[in-house]
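Dear colleague,

I am passing on the structure below, and after it you will find a short account of what came out of the analysis. Please read the notes alongside the coordinates.

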Amino acid sequence: MTADRTLRVAVVGSGPAAFYAAGHLLASEEPRAEVDLIERLPTPWGLVRLGVAPDHPNLKTVSRAFEKIAQRPGFRFLGNVEVGRDVTHDELAARYDAVVYAVGSQTDRRLGIPGEDLPGSWAATELVAWYNGHPDFQDVDFDLSVERAIVIGNGNVALDVARMLALTAEELAPTDTTDSAIEAICASRIREIVVVGRRGPVQAAWTSTELGELGELAGADVIVDPEDLELDEASEAELGTASNVVQRNMEILRGFAARAPEGKARAIRLRFRLSPVALLGEERVEAIELRRNRLEADASGRIRAVGTDETEAVPCGIVFRSVGYHGVSLPGAPFDESTGTMPNDGGRVLDASGAPIRGVYCAGWIKRGPTGVIGTNKKDATETVDLLLEDARAGLLPVSPADGSLDALLAERGVEVVTYEGWEAIDAVERARGEKEGRPRVKLCTWDALLEAARRPSHAR
């Protein structure tokens, strides 16, 4: 690559990892870079828009940093373009000097138990996408006319699901939860939400902020059995050297256990050392069979759950599994199904022999798996882009043809590309709708509505 040639990079995805990668590329002076951010939805920001709980607006303010990146010279947003449908991996690789995949982990991990496919059994990711306005999930019909919901998992997403199902109309009103979800949650007949973890309270992965919020809900008591907080020897030892977050979590849980229920309309019950064995029912979920676990340390000192012979069946009408995300393969690109990631070395994607594929990189969850918080992706993406720039300076990238325009290919295939100006038009419509109701935005949540708004001129630029 000559010193005066600008590097042309496609970044696939538009969540935090994608934007951080784009920002680091555009900040490069040697070589200079231009970035096309390619996203299958008409809207950017990934889980910041479609995964963060609507009653946590402060977490969404990171989008302001992404907006600044989008204003930099050399940045383009190509929304409503799906890799594998509208353009192939090989076609991207032929038109750009490098391709960075930052597509996240787009599906959930399954429990692998009998009855998991019964009606009433859902992935937590589906509910999250529904109440956040993902256009692929607005026709999903969650039956909330049941009295008890079960949430499997002890992470923040599990708490998000439990909390959202317990919010009152007054708590939902100032959020950007979709109107249909607000209506359904307010009309819900759910009276108890049971959050089930396979290990103990010391090993729960939630943050103290998320856990503490449960105790502030206007319409739901939080119930913890004091016996569930009695620790085995291994957990007691772990707690002694645990982080401040874990120590604080135990304080909060003990506070919940000491509370007397106030008789609120709903209850969130936190249970531990239980694993789902089966979902029971004929035509739909009617109960869940749970197995009691004991905890023991393995050879590395990690506390693991070991099943006992003690089981119980808990009547319920709906179950949400929240036991982790899993990556999805892209046609033509390497993928490791066992880990749900693209095989890579620091972000350089590897072929079947373990050798780096020239010009192909990955960042974010598709690189490392679904771990960390939003900010974790900045360091992760920077690491990947530093390797990309290192390879560019060493002349190791395949040079794309100067006339290899993706625009022409997409136009030839009749793809309606949503530009960043199109997204700004969507954003303006949503904010205007929200302003009338004292909300941050009222989302457009169907493909037709989003694309129609994107065609309108934006006043944002």
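How many of the 461 residues of the chain, as a percentage, count as buried? In this model, which is predicted rather than experimental, the share is 54%. The chain holds 16 helices and 18 strands, and its radius of gyration is 24 Å, close to the 23 Å that the globule rule gives for 461 residues, so the chain is as compact as a globular protein of that length. The C-alpha trace spans about 70 × 55 × 40 Å along its principal axes. When contacts between residues at least 6 apart in sequence are considered, 76% of them join residues at least 24 apart.

Helix 6, which covers residues 156-166, is largely enclosed by the rest of the structure, because 9 of its 11 residues are buried. The buried residues of helix 6 include the charged pair D160 and R163, together with A158, L159, V161, A162, M164, L165 and A166.

Helix 2 (47-50) and helix 3 (63-70) are the elements that give two or more residues to the lining, and helix 3 contributes the largest share, with 3 residues. By class, the lining of the second largest pocket comprises 8 charged, 5 nonpolar and 2 polar residues.

With best regards

Notes. Residues are numbered from 1 along each chain as its sequence is written. This is a predicted model: local features need pLDDT of at least 70, side-chain atom pairs count only at pLDDT 80 or more; totals for chains, interfaces and linings use all residues. Side-chain values use heavy atoms; hydrogens and water are left out. Helices (H or I, at least four residues) and strands (E, at least two) are DSSP runs, numbered from the N terminus. Buried means under 20% relative accessible area, exposed over 50%, partly exposed in between (1.4 Å probe, protein chains only). The radius of gyration is taken over C-alpha atoms; the globule rule is 2.2 Å times the number of residues to the power 0.38. Contact means heavy atoms within 4.5 Å.
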